Amino acid sequence: MNEQISNIVKQAHAKWDEWNELGCAFRGELIHRWADEIAQQSSFGLMPAKMARYQVRQGFALIGEEKLMPGPTGESNELYACGRGVFIIHCSADAPLSALVGMISTALLAGNCIILSLPQELQEISQKLHSTLLVAGFPKSVVQTASFNSAEQLITDPSTAGVAYTGHSTESLKINRQLADREGLLAQLILETELTSLSSITDRYFVLRFITEKTRTINVTAVGGNAALLELGCGDQ
Amino acid sequence: MTEFIAQDSLQKSFIDRPLDDLWSLISPLYMVDEDYWLKQLLPMASPSAQEKISICDNASDLINRVRADKQAIQMIDALLLEYSLDTKEGILLMCLAEALMRIPDTATADALIRDKLSVADWKSHLKNSDSTFVNASTWGLLLTGKVINLDTAKDAESSNVINRFVNKLSEPVIRQAMNQAMKIMGHQFVLGRNIREAQKNGSPFTSKGYGYSYDMLGESALTTEDAKKYFDAYMAAVESVGAEQLKSTQIKIAASVSIKLSALHPRYEVANKGRVLSEMYESVLVLIKRARELDVSLTIDAEEADRLELSLVLFEKLYRSEINRGWGKLGLVVQSYTKRALPVLTWLAALAKEQGDCIPLRLVKGAYWDSELKLAQQNGYDAYPVFTRKEATDVSYLACARFLLSDHIRGLIYPQFASHNAHTVAAVASMATHSDYEFQRLHGMGDALYKHAVDIFDCNVRIYAPVGSHKDLLPYLVRRLLENGANSSFVHRLVDADCAVETLIEHPVETLLRRPTLHNGLIPLPPQIFADRKNSYSVNIDIDSEVKPFEAAVNLHMTTYWQGGAIINGIKFYPCDDSEEKNLHRVTAPYDRNIDVGSVQFSNKENIENAAASAYEFYPQWAQTEVSERAQYLNVLADLLEKNMPELIALCHKEAGKTIHDSIDEVREAVDFCRYYAQQAQGNFATVTTVTGFDEVTRQVKRQGKGIFVCISPWNFPLAIFLGQISAALVSGNTVLAKPAEQTSLIAARAVELMLEAGIPAKAIHLLPGTGADIGGPLTADLRIAGVVFTGSTETAQRINRSLAQRKCEAGTLIAETGGQNVMIVDSTALPEQVVRDVLRSAFASAGQRCSALRVLFVQQDIADRVIHLIQGAMQELRVGLPYLHNTDVGPVIDKNSKDKLLAHIDKMLKINKLVGQIPLDESCLSGDFVPPTAIEISSLAQLENEQFGPILHIIRYQADQLDDVIDQINNSGFGLTMGIHSRNEAGYRSIEKRCRVGNCYINRDQVGAVVGVQPFGGQGLSGTGPKAGGPHYLLRFSKQVSVNHSPLSQSL
């Protein structure tokens, strides 16, 4: 077990609660800033920045606000989204940059910490992605990098929430088995294997793969009062 | 059955009908159509021309006199006027009053004060009220000196004086001031801390000619010990009132004592009718005997609508007893907001006529309105037991008054009209043609109103006075007041000079007739509380007219012998002569293994292959089927489930060992799943949507299924989760192979039969009963499977995941709902009685066999002794037994394997931990798989390794300053399904909820019984993958987005 890698994971976990509590709107702001940064990278082209903004737009519409559920009087029920924890961002050497940016921005928007573990061939891109993320204002422990060699250790670490992988089926099969062999929680494998159509990443509901949902139920009559009914009065209806 | 025609009750002969006939008219009106019933009551409530003039004159006179009276606004009136319950400050003040005095530890008390004081604008109230009481009891007089100094100080940035005050002064001073304020409030609400003090404090009014009714109010008794305590208090009151009466000659109206039945027995409920009519009957009889000896009238208070019929049965038995016969001073209370009020009065009048003893009867408007509405909505009853407009209740009140004041009732019932409304007082006085009646008012309320009413009408007035320690009583009274906030409105308007007298004296008949509908259109009926689908239907088994036909229908199926087996392409592979022996399974009842319920033939390899091949082959066609058609099948299925509810309930009793309530809830949840997913699919999948992609190209997309889904469901919700999984998969456009838990295959087979009856194509749904190894193993390894939805243990979920991952194909979708280690955190602001009720339900309902059930109670050290003592006492009142009996609280566990594991855990725990309580099992449990509900005190969460899926509650004490550690323990367990919090500190419970990594958090209630579409259900971490079942995102996981007109992505990705 590589201690350095363990430390990366530990740091991410230590920061996660705080990051998760910052809220979707705040994180969306940071991603927008990041989009501005990567738009200035001439080697990146325009698409990656567009992808980041797109994911914020789509994601925010779905998880930006707590959802008040309907139900009986005297009780409030709210559904809201949280990040799942620490995600590993992994890809094949020929993965489109837009897809990678889509994975990163969606994972972050949802409230997860990420660890980039990209192939050797993409080290330069990895560094650029990482440095622009930091410039945009993401906390260090929220966005970290690890070498490609460490991917296996990261994937098999039972404390990570899952892997977001862009690439080919053969590799995805392998990752899936590695994840399934872990003890502990069922890890999420979020895949994009259709590298031309990006059908997963462009799914309108993609962000839901990166979240966990919480329901908060409060009995508002516990102390007696039932404001909802009081407010209704006897109305003219 | 004859129909009750309201106006007939005014005919003299009406009450000469046989008592049984009159009784039979009561229950059917339980939730009669409100408009229909009000149309009947309106003529009775309408004033004659002459009455109209006299009511108008008298009511205006009364209001004008009160307004001219400088001392009119006193005590509670004044408090309510300043801190109206429709202001934030009013509610917060009451919330503080409700909780502060019971908090034993200062840290928690200070935190609560901070919580309540920091969010409202108290300054705006400081000088508004002329009442010294208001200023004193709130933050005025006690704090004025300092507050005003602060206010005039230079740094007047913050307008919130109290905030600054709170921040600047040391907390002990604030706490003391607050406690002092609460004490003053206590004095205003409570006549005396004990009966003697109450009598002494009441003497000024007694000498003015007022009578008293003393009430030792408080929480309902949860334990025999508490019931005994209340009994003693009532007895002491009777003794003391009796003694006073003997020595005094000046008392104009003899004092009476009011008793609350729920305080006299821990199980005052229809389910325990036998105990109510024996144990409770005996103890009330003792009170009556002594009261009669001392000639102290007794009044039995009214409580929730579900208990009305039971209370009348008990009343009749008491009334007819030798001890009461010939006395004429045993009375009761009737609430006019209940639709059954008038028929109840006619029955009581006939009872009095038959026996010849007068019945004193207090007519009130009713105090549980909010909770009656909430309950009816939660339970999905057809309608409400109460009226939905205040003026409708007033109409009912006046109709009842008309009946009570009619000549043929005189001498049979002595009416006691409780009201604080000037119009009601004037109307009753106008209707009365004799003076054999009295008015009643609450201690501290309506003083001025009645002072002047006595002058005008020369009427008798009795004051209803709560008696008891402030610490116990104030919270109770404040809760009542909050629940009934609407009642305070008249107090406001009465003394508010801006409110024209004319508006106050409008007759409720006129007000009601002015409304577009007689019922309140803003309050939907329980079946319609969801805008886009019908709420599932339920039966109120506490109501005679509801339960009788229900029981008869269920009983028809209690002797059925069911059969089940694989259902493939609509063909049933049920047990037959040439069934293979090894696949044939006998099904016996969990509560009695001697009872044969049916038999099941488990699936063989050929079944599995045929089912998979058919589902695979049919998938493209099913995916192409219109969403509206798929949704419609589910809606039809929901209706079929409701139609077949009696049989399904019988099956739930017999195959799964479920109690009546659990069985009803089971069917309801299945119905809700079908309707909710049908509606969700229509919303999400029905149309082709135009979307703009990240590349700014617009495309047309829609959602479609993924292929075959394997649905592996558990035995603990054999119908609800079984159908929840399947209906979600089907409606999203997948074909389904369903593998039910082997323990509950019969229910599954019956459910699939109903699915086919609903028209779902036989190739879309195949049932494969059998063991996990035989069925789940091959299916999860099959390349044709697109996904698995599973509810069960974490270990099995991992096995399924590995099996899916081993396949040489695209990763399958796994939606898993797994175990939990559910906790509840209770701090010292919580009300112990509420906590214990919710703990018992959360831990022991369904024999603890719910994923959401409470396993570990964390209770703050400062109140732990009290809470644990109450749990011990309340557990002794629970009944373990045959699940189909109404008085059974806890049924059997699912099988012997489960029983042995649970018993072994109890043994292991008890070697090193302390037993808090255990319910002994009686002989009815001998032949079944029962586990005695058990509570054990342990030292830390680390003592528990796995979830124990049964009626076992662990209790851990924690110190207030260890809360962070408790939260860490919970998060470190890795599980995160449900959690409960009991606290009055809003900032506190919100922070706990935020920090705990759990899927469903329930605050100030029990933590079981998530409702589809209301409380989406599911956990995180070791507890499941999500998305939440019964939530808006569930179906999305069963489906994928596809392009309708494929336009490739722009270049340069």
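This is a predicted model: local features need pLDDT of at least 70, side-chain atom pairs count only at pLDDT 80 or more; totals for chains, interfaces and linings use all residues.
Colleague: What does the secondary structure of chain A come to?

Modeller: Chain A holds eight helices and eight strands. Its C-alpha trace spans about 70 × 40 × 30 Å along the principal axes, and buried residues account for 56% of its 237 residues.

Colleague: Which strands close into a barrel in chain B, and is the pairing parallel or antiparallel?

Modeller: In general, strands of a sheet pair through backbone hydrogen bonds, in either a parallel or an antiparallel manner. In chain B, eight strands form a closed barrel in the order β1-β2-β3-β4-β5-β6-β7-β8, and the pairing is parallel. On average, neighbouring strands of this sheet are turned by 30 degrees against each other, direction ignored.

Colleague: Which helix packs on the sheet, touching β1 and β2 of chain B?

Modeller: That helix is α12 of chain B, residues 224–247, and its direction makes about 170 degrees with that of β2(B).

Colleague: How many bridges join β1(B) to β2(B), and how many pair β2(B) with β3(B)?

Modeller: Strand β1(B), residues 211–215, runs parallel to β2(B) and is joined to it by three bridges. Strand β2(B) also pairs with β3(B), residues 297–300, in the parallel sense over four bridges. Val257(B) illustrates both pairings: Tyr214(B) stands opposite Val257(B), and Leu298(B) in β3(B) is the bridge partner of Val257(B). Further along the sheet, β3(B) pairs with β4(B), residues 330–335, over three bridges in the parallel sense; there, Thr299(B) has Gly331(B) as its bridge partner.

Colleague: Are the faces of strand β2 of chain B covered or uncovered?

Modeller: Both faces of β2(B), residues 256–259, are covered. Ser256(B) and Ser258(B) lie on one side, Val257(B) and Ile259(B) on the other, and all of these residues are buried.

Colleague: How many residues does the contact take from chain A and from chain B?

Modeller: The size of an interface is often given as the accessible area lost when the parts come together. Here the description is by residues: the contact takes 57 from chain A and 78 from chain B. Elements giving two or more residues to the chain A side include α3(A), β2(A) and α7(A), while β8(A) gives the most, with eight residues. The residues of this side divide into 23 nonpolar, 24 polar and 10 charged.

Colleague: Which strand of chain B do four bridges join to β8(A)?

Modeller: Strand β26(B), residues 1000–1003, is joined to β8(A), and the two run parallel. In this pairing, Tyr1002(B) is the bridge partner of Thr217(A).

Technical notes: Residues are numbered from 1 along each chain as its sequence is written. Chains are lettered from A and ligands numbered from 1 in the order in which they are written. A residue is buried if 20 or more other C-beta atoms lie within 10 Å of its own, exposed if 12 or fewer, and partly exposed in between; C-beta atoms are placed from the backbone. Two strands pair if DSSP finds at least two bridges between them. Two residues are in contact if their C-beta atoms, placed from the backbone, lie within 7 Å. Ala, Val, Leu, Ile, Met, Phe, Trp, Tyr, Cys and Pro count as nonpolar, Asp, Glu, Lys and Arg as charged, and the others, Gly among them, as polar. Axes are lines fitted to C-alpha atoms, for helices over the stretch in contact, and angles run from 0 to 180 degrees between N-to-C directions.
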